[in-house]
Every structure is written in C-alpha cells, then in structure tokens.
Amino acid sequence: PSPTALPGGTANLSVGDDPAGTASLSLMASGETVTLPLGLDRAVKPVRNVKLVQSEKGVFSKDDVGEYTVTIEIANPYPSPLPLRVLDQLPLSNDKNVEIKAGPMEPAPVSQDKVSGALEWRVTVPVGGKSTLRFTYTIRRPKGWRLHQ
C-alpha cells in the first residue's frame, strides 16, 4: 500500500527476479485494489483427462452415443490457499442431427453459457491439497457419422 496516489503509465512487471511482462496502468488512488496481468503461473499444473464410453442406441435406426467424462485436477504448491478461476467448454454443433446434452457437474459451475458452451468455476485449492472438477456430456449422432473439430 502506498500513502499517496500512484501515477498512471507503463509498468514493467516481474515475479521475483523473473520478468512477467508490461502493463498499462491508470492513476491509482491510495489503498485502491489493482489486478495485474502477471501471466501464467507455471507452478500450478492443471491435469485434464477425458474418458469416453461409446454405445449404440435406437430401435429402427441406430445412433452412436458417446458419453464423455472430463476430470480436471489442480494441485496447490503454495503455503497458502489458492483461489482460481477455471474455464472449460461444452462442445457445440450446428447440425440438427447431432444432439449434445450436458450431464452432472461436480461442483456446479458458477456460470454456464448455453450459447457458447462456456463453463466457469471459482474454486479455492487448500494448502498442500488439490481440487477436482468433473463434468459429463453426451453426443448422439447417426451411426457412422464422424465428428470434426
């Protein structure tokens, strides 16, 4: 905290002795909270795994159904709790023959955009611990159809 206002301008940012980039800062009042773009924290390594279970459903015409379970694990290497914002996305399709349904989400995301498929969680990873996020979705499509990204 500074007892006086800080002038605006370009600031060179660093984390310890490591340069982290530059930022354009506006005038800051004494005691004002500021968020700085320090970039990616290389000590925090999220692990994202996807498990796929394929099946066929339907009586007259068979459909391929894929159930995807996504697991995201984040460990805290720091001696204090680590607040995080985690973003992911459900797949989207413009084809009326492809049906995508969201399944269970643990914990529930703080926001889920139906148009873009964006998911957002806010979690605090405990000291020396890890947090696990899990969500499931199914993709149903006519038999033999290939999916492309």
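**Reading a buried aspartate and an aromatic cluster**

Trainee: In this predicted model, D88 is found in strand β5. Is D88 buried or exposed?

Mentor: The cut-off for buried is under 20% relative accessible area. D88 has 16%, so the residue is buried.

Trainee: Which side chain makes a polar contact with the side chain of D88?

Mentor: That of R48, at 2.8 Å. Beyond four places in sequence, D88 is in contact with several residues, including R48, I72, W121 and F135. I72, read in the same way, is in contact with R48, D88 and F135, among others.

Trainee: Which residues have the most contacts inside the largest nonpolar core?

Mentor: They are I72, V86, W121, F135 and Y137, in a core of 18 residues. At least two core residues come from each of the strands β4 (63-75), β5 (82-89), β8 (118-125) and β9 (130-142).

Trainee: How is a pair of aromatic rings described?

Mentor: The description rests on the distance of the centres and the angle of the planes. Here the count comes to three aromatic pairs. For Y68 and Y137, the ring centres are 5.0 Å apart and the planes stand at 10 degrees, so this pair is stacked. Y68 belongs to strand β4 and Y137 to strand β9, so the pair ties together parts 69 residues apart in sequence. Y68 and Y137 are both buried.

Trainee: What are the values for F135 and Y137?

Mentor: Their ring centres lie 6.3 Å apart with planes at 25 degrees, so this pair is stacked as well. F135 is buried, as is Y137. Ring pairs link Y68, W121, F135 and Y137 into a cluster.

Note on methods
Residues numbered from 1 in each chain as written. Predicted model: local features only at pLDDT ≥ 70, side-chain atom pairs only at ≥ 80, totals over all residues. Heavy atoms only, no water. Core = buried A, V, L, I, M, F, W, Y, C linked by side-chain atoms within 4.5 Å. Buried < 20%, exposed > 50% of the residue type's maximum accessible area, 1.4 Å probe, protein only. Helix = DSSP H or I, 4+ residues; strand = E, 2+ residues; numbered from the N terminus. Contact = heavy atoms within 4.5 Å. Polar contact = N/O pair within 3.5 Å; in protein donor to acceptor, adjacent residues only side chain to side chain. Phe/Tyr/Trp six-rings, centres within 6.5 Å; stacked < 30°, edge-to-face > 60°.
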